[in-house]
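Welcome, and thanks for taking a look at this model with us. Please open the sequence and the 3D view side by side before reading on.

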Amino acid sequence: ATEIARVIRGKHKPTFTPHMDTGDNVIVINAAKVKVTGRKLEQKQYFKHTGYMGHERYTTLGKMLSKNPERVIENAVYGMLPKTALGRQVLRRKLRVFAGAEHPHVAQQPAVLTFNKSEE
């Protein structure tokens, strides 16, 4: 998620400007195959408020991965972006997350970036 946030924000380019959108589009596939260490599947919780008093809803990472694996990646990247209009705009326009290996963006065939540093 850190590498994704860096690329969609444009911090990897020498032309990076904090107040402009200079990032690249990112397509994430196989979001359902996310692996975490420890007991995060049971202990990590996502918070949601319904708008009514006392109606907080908590969802564990395990349930979120089984229902909406795309949202796990989106929430992780959102937490690393600035909480401004530009941050929301970059997240909405530049990030595409898919649970499986198939995606409709077949025209785009860029170089594949692998971020698994344990294999190097």
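Leaving aside its neighbours within four places in sequence, which residues is N30 in contact with? The contacts of N30 are F98, A99, G100 and A101. Bear in mind as you browse that this is a predicted model. Here is a short tour, starting with the whole chain and ending back at N30.

**Overall layout**

- The protein has five helices and four strands, and from the N terminus on these elements run α-β-α-β-β-α-α-α-β.
- Along its principal axes, the C-alpha trace spans about 45 × 35 × 30 Å.
- Of the 120 residues, 24% count as buried.
- Taking the contacts with a separation of 6 or more, 53% come from residues 24 or more positions apart.

- G10 follows helix 1 and has a positive phi, near 95°.

- Is K94 buried or exposed? K94 has a relative accessible area of 13%, and because the cut-off for buried is under 20%, K94 counts as buried.
- K94 lies in helix 5, which comprises residues 85–94.
- Leaving aside neighbours within four places in sequence, K94 is in contact with I8, D21, G23, D24, N25 and V26.
- A polar atom of the K94 side chain lies 3.0 Å from the backbone oxygen of G23.

- Strand 2 (residues 45–49) and strand 3 (residues 56–60) run antiparallel and are joined by five bridges.
- Across this pairing, K48 stands opposite R57 in strand 3.
- Six residues lie between the two strands of the hairpin, where G51 takes a positive phi near 110°.

**The second largest pocket**

- Which residues line the second largest pocket? The lining is made of Y58, T59, T60, K63, M64, K67, N68 and R71.
- Strand 3 and helix 3 (61–67) each supply at least two residues of this lining.
- By type, the lining residues divide into two nonpolar, three polar and three charged.
- The volume of this pocket is about 160 Å³.

**Back to N30**

- Where does N30 lie? N30 is in the loop between strand 1 and helix 2 (40–43).
- Phi of N30 is positive, near 60°, in a residue other than glycine.
- At 26% relative accessibility, N30 counts as partly exposed.
- A polar atom of the N30 side chain lies 3.2 Å from the backbone nitrogen of A101, and A101 is also one of the residues in contact with N30.
- N30 and Y78 are 48 residues apart along the chain, and their C-alpha atoms are separated by 19 Å.

How values were computed. Residues are numbered from 1 along each chain as its sequence is written. This is a predicted model: local features need pLDDT of at least 70, side-chain atom pairs count only at pLDDT 80 or more; totals for chains, interfaces and linings use all residues. Side-chain values use heavy atoms; hydrogens and water are left out. Two strands pair if DSSP finds at least two bridges between them. On a 1 Å grid over the protein atoms alone, a cavity is a set of points where a 1.4 Å probe fits but cannot get out, and a pocket is an open set with protein on both sides within 12 Å along at least five of seven lines; lining residues have an atom within 4 Å of a point. Grid points are joined across faces, edges and corners, and a volume is the space filled by probe spheres set on the points. Ala, Val, Leu, Ile, Met, Phe, Trp, Tyr, Cys and Pro count as nonpolar, Asp, Glu, Lys and Arg as charged, and the others, Gly among them, as polar. Buried means under 20% relative accessible area, exposed over 50%, partly exposed in between (1.4 Å probe, protein chains only). A polar contact is a pair of N or O atoms within 3.5 Å; within protein, one must be able to donate a hydrogen and the other to accept it, and residues adjacent in sequence count only if both atoms are side-chain atoms. Contact means heavy atoms within 4.5 Å.
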